[in-house]
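Visitor: I would like to learn how to read aromatic pairs in a model. Please take me through one case.

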Amino acid sequence: DIRVLDEQTCDPVAHIFDRVLRVRRRDRSRQHLDHHAHDVVVDRLDEAGLRLEMVLHQPERNAGVRGDTSAGGLRRLDALLAGKPEIVVLALGANDGLRGVDADVVTRNLSQIIDRATARGAKVLLCGMDAPPLHGWQYTLAFHQVFPDVAAKYHVPLVPFLLQGVALNPEMNGEDLIHPNAAGARQIAETVWPYLEPMLAPVTR
């Protein structure tokens, strides 16, 4: 299983991960891809012999709570790990940054999640986030550094910035410039896949 733990900053974030782990399907005849990009990953996971269990929209398997923070993800972790996932995609922190949660607190929460997930035999893919300068540039810089520092400490792969090419891009977001559209979802899928793919082969052995 591959499980996604995020804070569902907004409904589209859940859809993003629905696409990130179901990105861009190429059918056997190489026909045109649909605009939702259903795909790349589900087919590739199928080829790798892995089963994808989404934990976002389904209430009985929900590991994401809209508007929650890394602290909330930590509280929900035991329920997530009860399913014995092989890979955990850890995409928490966006709401922490928006709320100005102390960078040390975010570091501690992410560290505990990784500690507990790896102790249960799961591999972790950490997704980096950035904070807008709502709380000053010093906070923005400190927040940015949380993710590479945690990844280095625990030797886990890091997606440097989950919303690379998407954040504040009008072509990748809805009218509010916050919620990614289908094009933004595809871009996020392309951003995550190169980091997720190398984690699959060891799991299938």
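**Reading the aromatic pairs**

Guide: Phe-143 and Phe-147 are both buried (under 20% relative accessible area with a 1.4 Å probe, protein chains only; over 50% is exposed, in between is partly exposed). This is a predicted model: local features need pLDDT of at least 70, side-chain atom pairs count only at pLDDT 80 or more, and totals for chains, interfaces and linings use all residues. Residues are numbered from 1 along each chain as its sequence is written, and side-chain values use heavy atoms, with hydrogens and water left out.

Visitor: What describes a pair of aromatic rings?

Guide: The distance of the centres and the angle of the planes. Rings of Phe, Tyr and Trp (its six-membered ring) pair if their centres lie within 6.5 Å; planes under 30 degrees apart are stacked, over 60 edge-to-face, the rest tilted.

Visitor: How many aromatic pairs does this rule count?

Guide: Two aromatic pairs. Tyr-139 and Phe-143 are tilted, at 5.9 Å centre to centre and 35° between the planes. Both lie in helix H6 (residues 137-154), four residues apart, about one turn of the helix. Helices (H or I, at least four residues) are DSSP runs, numbered from the N terminus.

Visitor: Why does Tyr-139 count as buried?

Guide: Because its relative accessibility is 12%. Phe-143 has a relative accessible area of 0%, so it is buried too. Phe-143 also pairs with Phe-147, edge-to-face: 5.5 Å centre to centre, 70° between the planes. Phe-143 and Phe-147 are likewise four residues apart in helix H6.

Visitor: Which residues do the ring pairs link into a cluster?

Guide: Tyr-139, Phe-143 and Phe-147.

Note on methods: Helices (H or I, at least four residues) and strands (E, at least two) are DSSP runs, numbered from the N terminus.
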